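Here is a friendly briefing on a few local features worth a look in your viewer. Please load the structure and follow along.

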Amino acid sequence: MRMEFNVKSGQPEKQRTACVVVGVYEPRRLSDVAQKIDEVSQGHLSSILRRGDLEGKIGQTLLLHNVPNMLADRVLLVGCGRERELGDSQYRKIIAHAIRTLHDTGSMETVCYLTELNVRGRDTSWRVRHAIETAHASLYTFDQLKSKKNPTRRPLRKIVFSVASRRELPAAEKASREAQAVATGVALAKDLGNLPGNICTPTYLADRAKTLCSLHEKLTCKILTELQIEKQGMNALLAVSRGSDQAPRLIIMEYKGGKKGADPIVLIGKGVTFDTGGISLKPAEKMDEMKFDMCGAASVLGTLSAVAELQLPLNVIGIVPAVENMPSGKATKPGDIVTTLSGQTVEILNTDAEGRLILCDSLTYAERYKPEIVIDIATLTGACVVALGSHAHGLLSNHNPLTNDLLNAGRMSGDRAWELPLWDEYQEQLDSPFADMANIGGKPAGTITAACFLSRFARKYHWAHLDIAGTGYIAQTKEKGSTGRPVPLLTQYLINRSSIGQSEELTPIDQMPPEPVPPEPELDDLPPETEDD
């Protein structure tokens, strides 16, 4: 279902729509817009609140019909909690509750005034963007593989978000365009992550990349087959796919929106379409979740979709090593040694530490593009889930300005990361008596030693690693499924890069001056404890 989004400025009592949405603070205090409706309706809302029908707590909603002197059919009151405590996450919860209520109650269109709420430290653009992204997320469903769909009889199809004045419209419309591009990219990443391993194979992932590129003039795609990968000398990648009947693919997508010859930003996504652990077999419990081990790859496709939709003035390359990790008589054995594309040798002590093996060859492959920045994204370590849970991505980097830029993009997008150390002392855990390095460093600091391994293949450029093992998907709940993260973070990072003309370091978000505006016209559960997920 295609959702239509618009932004506008106008008085709530003049809106001809199925429903007007306004907020109520705790305890039973009308927001500014709700007070306007109360005045027009001669105290109708305040009399309802006095009866105790709505306290104003987050999660509460009350749908009113036939409010006096209103052109709208309905008015939806949404609890917003205490005004002074209204922050980012509370705001998104408020929007989500409103959207779900509208969708379930037959309001096919709405004018929503929640974007005029006062969120601490956030401007109108931020509120509009996050309202649209949250609305998309609230309405997302994955039912392609169900034989019987259960569609809503009168689904929500059009949402107009309000801004307080006309002078805010240009910035709000820009935020709307960005939000819709991000939301489309997130939905693509979710769809790919939610597909089962018998459908989403390396070949399928390559076909979806080609389909994506066919939709955008500036986006092109090439696919390396198993024979071509072998000719390149990517033996670490091939070691992972050796046990599977599914042939590996190396997917390269190039977006050329920047100046010709300008150094690109390279995104590399781990694409293990199903991970049994290989000979180092995972426990049977929760192994079904290992279809999500390609969420890094999905996020690269989703981000490139958003970048192409927004026509960002950057050169961006997406690299996806796509493999299936299976046990068989041909599979790589613990103790095997391979020579990587970089020429360094690796002793594979654990075949379930496979993500770093396909990434290390991809990191070396990226050198040919002379990249300005390389970011890899991977559901890499169960240790990251233990350290950070499901809220923050693990972030490790060899370049402090890049770290700061990604952290700022995470704060702005609400798709946050947290830095972990990449100190030389951890490198010793990867020592091997038989090869240049082992592919695991033991249980202590598992997320860090995995990044230390990757850092040995990223010495020729500025590089960051995002471990999304805890954030790429939701496990073992009624909302189980791919999250589409970190598409919002990566897209915000690239938007920021394009807006500052590829400068080296961003000003922290909370220190940015407000944008100038024209004069206002007159108005009327944890995964198994394995090295890689």
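Q311 is partly exposed, with a relative accessible area of 42%; partly exposed lies between buried, under 20% relative accessible area, and exposed, over 50% (1.4 Å probe, protein chains only). This is a predicted model, where local features need pLDDT of at least 70, side-chain atom pairs count only at pLDDT 80 or more, and totals for chains, interfaces and linings use all residues. Residues are numbered from 1 along each chain as its sequence is written, and side-chain values use heavy atoms, with hydrogens and water left out.

**Backbone features**
- Most residues other than glycine have a negative phi, and most peptide bonds are trans.
- Q311 has a positive phi near 55° and sits in the loop between helix 9 and strand 12 (315-325); helices (H or I, at least four residues) and strands (E, at least two) are DSSP runs, numbered from the N terminus.
- A445 also has a positive phi, about 55°, and is partly exposed at 29% relative accessible area.
- The E26 to P27 peptide bond is cis, with omega near 5°, and P27 lies in the loop between strand 2 (19-25) and strand 3 (29-30).
- Another cis peptide bond joins R485 and P486, with omega about 5°.

**Helices**
- The axes (lines fitted to C-alpha atoms, for helices over the stretch in contact, with angles from 0 to 180 degrees between N-to-C directions) of helix 6 (residues 202-214) and helix 9 (residues 295-310) come within 11 Å and cross at roughly 5°.
- In helix 10 (residues 355-365), 11 of the 11 residues are buried, so this helix is largely enclosed by the rest of the structure.
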